[in-house]
Amino acid sequence: MSFHSGMNPFRFLPTFLCCLLMLFVTLRAGAQSPRTNKYLFYVGTYTEDGSKSKGIYSYRYDAATQEITPLGLAAETTNPSWVALHPNGRFLYAVNEVPNYKGPNSGGVSAFAIDRATGKLTFLNEVSSRGADPCYVTVDRSGKFILVANYTGGSVAVFSISEDGKIGEASAFVQHTGHGTDPKRQEGPHAHSVDVSPDNRFAMVDDLGLDELLVYKFDTSKGSLTPNDPAFAKLDPGTGPRHFALHPSGKFAYVIGEMKGTVTAFANDARTGTLRRLQTVSTLPKDAKGEIEDAEIEVHPSGKFLYASNRGDANSIALFDIDGAKGTLTPVDYTSTRGKTPRNFAIDPSGKLLFAENQQSDTIVIFRIDEATGKLTPTGKTLDIGRPVCVKFLAVN
């Protein structure tokens with residue numbers, strides 16, 4: 001562009017700067033907003049012992065409008081109590097929590113292909129979990145392996161995943177040994193969950209029977225597990241560690257104790273896989289009485305709040321503030337789940353809603369999360385479903 005001798009070349013600069021600033025703000029807002037508002041979510045259930053459920057159910061969910069559309073039975077299968085999604089969004093894996101899959105002392109693990117248009121699942125194959133009553137499954141970050149915790153078997157197994165999503169041979173198997181202090185609940189090992197670190201280098205296993213959070217080095221080239229050094233973090237006797245949650249910063253980790261109704265906070269060294277205990281707090285109000293049986297734990301995507309579910313006589317979800325610098329917890333509130341036995345709950349990807357699964361009431365009750373305080377209020381929405389146990393969200397656009 002050429003300028004006449006009488007034209008000021010800088011007179012367009014304010015307009016240019018404003019446009020540039022607007023573009024920056026727009027790009028930044030886009031980067032911070034969720035990539036999608038459209039999801040499918042899948043619900044794992046118990047199908048036996050009088051349940052009206054037949055397997056895994058699917059729903060369509062719009063996070064922008066909070067509209068939920070039931071899609072019905074996605075796949076008929078026995079006791080798919082925990083499900084996990086492949087990173088590519090094409091496959092789903094479910095444990096079949098039974099003690100005798102094709103023989104005694106083993107459950108099953110099933111693979112399904114996902115139809116993202118309908119939410120339906122197509123069965124691919126099923127293998128033995130290598131231990132009785134598998135209760136937890138996760139897919140590693142590479143999508144090459146699934147890891148399974150066998151509750152009654154007290155063991156952990158790793159299986160390869162083929163290109164077509166089918167489950168292959170076991171690449172690792174670890175049998176836990178020992179017992180805890182409670183002769184009824186901790187007569188032997190009971191692996192209750194297995195989670196993989198964000199960098200895919202470690203696998204963390206809660207063993208209810210041993211009062212230990214075990215840490216394994218995970219080799220993604222072989223799918224192998226070897227004990228870390230140190231090999232575990234110890235919890236108080238009789239705690240019954242059940243599930244594990246990692247803070248978004250990666251600096252802190254939290255374990256819920258099923259038998260004592262507690263959450264134990266740890267400082268997490270992500271480089272070495274070492275956990276240092278910080279604090280143990282109760283998930284129940286001071287005046288609480290009756291049976292204690294905690295279940296689920298989850299950190300809000302913001303990293304500001306932690307939620308824990310109380311089954312037993314409490315049937316509630318406890319809310320804690322998280323100290324962002326120290327990782328310690330402060331009790332804030334307790335909310336009834338409006339049903340019995342909240343075995344699991346899930347926070348939706350937007351961080352706005354919490355889905356509480358009342359196993360014995362056959363309902364999923366949905367709560368709104370206050371972004372400033374973390375407190376829960378009922379939305380008035382309830383999903384009717386037999387024996388719900390696990391919810392997993394899948395982005396679909």
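Here are some notes on the predicted model above, point by point.

1. Ground rules. Numbering starts from 1 along each chain as its sequence is written, and side-chain values use heavy atoms, with hydrogens and water left out. As this is a predicted model, local features need pLDDT of at least 70 and side-chain atom pairs count only at pLDDT 80 or more, while totals for chains, interfaces and linings use all residues.

2. Overall build. The chain has 1 helix and 28 strands; these are DSSP runs numbered from the N terminus, with helices being H or I of at least four residues and strands E of at least two. The C-alpha trace spans about 95 × 50 × 45 Å along its principal axes. The radius of gyration is 23 Å, which agrees with the value near 21 Å that a compact globule of 397 residues would have. That radius is taken over C-alpha atoms, and the globule rule is 2.2 Å times the number of residues to the power 0.38. Of the 397 residues, 54% are buried (buried is under 20% relative accessible area, exposed over 50%, partly exposed in between, with a 1.4 Å probe and protein chains only).

3. The largest pocket. About 1600 Å³ of space lies in this pocket. Its lining takes in 46 residues, and R141, D195, E298, K392 and F393 lie nearest the centre. The elements giving two or more residues to that lining are β4 (83-85), β8 (134-139), β12 (191-196), β16, β20 (294-299), β24 and β28 (388-395). β28 has the largest share, with 6 residues. By class, the pocket lining divides into 28 nonpolar, 9 polar and 9 charged residues. For the classes, Ala, Val, Leu, Ile, Met, Phe, Trp, Tyr, Cys and Pro count as nonpolar, Asp, Glu, Lys and Arg as charged, and the others, Gly among them, as polar.

4. How the spaces are defined. On a 1 Å grid over the protein atoms alone, a cavity is a set of points where a 1.4 Å probe fits but cannot get out, whereas a pocket is an open set with protein on both sides within 12 Å along at least five of seven lines; lining residues have an atom within 4 Å of a point. Grid points are joined across faces, edges and corners, and a volume is the space filled by probe spheres set on the points.

5. The cavity. How many cavities of 30 Å³ or more does the structure hold? There is 1, and the largest cavity has a volume of about 70 Å³. Its lining consists of Y46, S81, W82, E97, C135, H192, R242, H243, R343, N344 and V389. β16 (241-246) and β24 (342-347) each supply at least two of the cavity-lining residues. Sorted by class, the cavity lining has 4 nonpolar, 4 polar and 3 charged residues.

6. Aromatics. The whole structure gives 12 aromatic pairs (rings of Phe, Tyr and Trp, the last by its six-membered ring, with centres within 6.5 Å; planes under 30 degrees apart are stacked, over 60 edge-to-face, the rest tilted). Take Y61 and F355: the ring centres are 5.8 Å apart and the planes sit at 85 degrees, so the pair is edge-to-face. Y61 is in strand β2 (residues 55-62) and F355 in strand β25 (residues 353-358), so the pair ties together parts 294 residues apart in sequence. Both Y61 and F355 are buried. Ring pairs also link Y39, F41, Y59, Y61, F355 and F393 into a cluster.

7. A charge over a ring. The charged end of R130 sits over the ring of F173, 4.8 Å from its centre. The criterion is NZ of Lys or CZ of Arg within 6 Å of the ring centre and within 35 degrees of the ring normal.

8. Backbone spots to check by eye. The D229 to P230 peptide bond is cis, with omega near 5 degrees, and P230 is in strand β15 (residues 224-234). N79, in the loop between β3 (67-76) and β4, has a positive phi near 45 degrees and counts as buried at 5% relative accessibility. N105 also has a positive phi, about 65 degrees, without being a glycine. N105 lies in the loop between β5 (91-96) and β6 (108-114) and counts as exposed at 61% relative accessibility.
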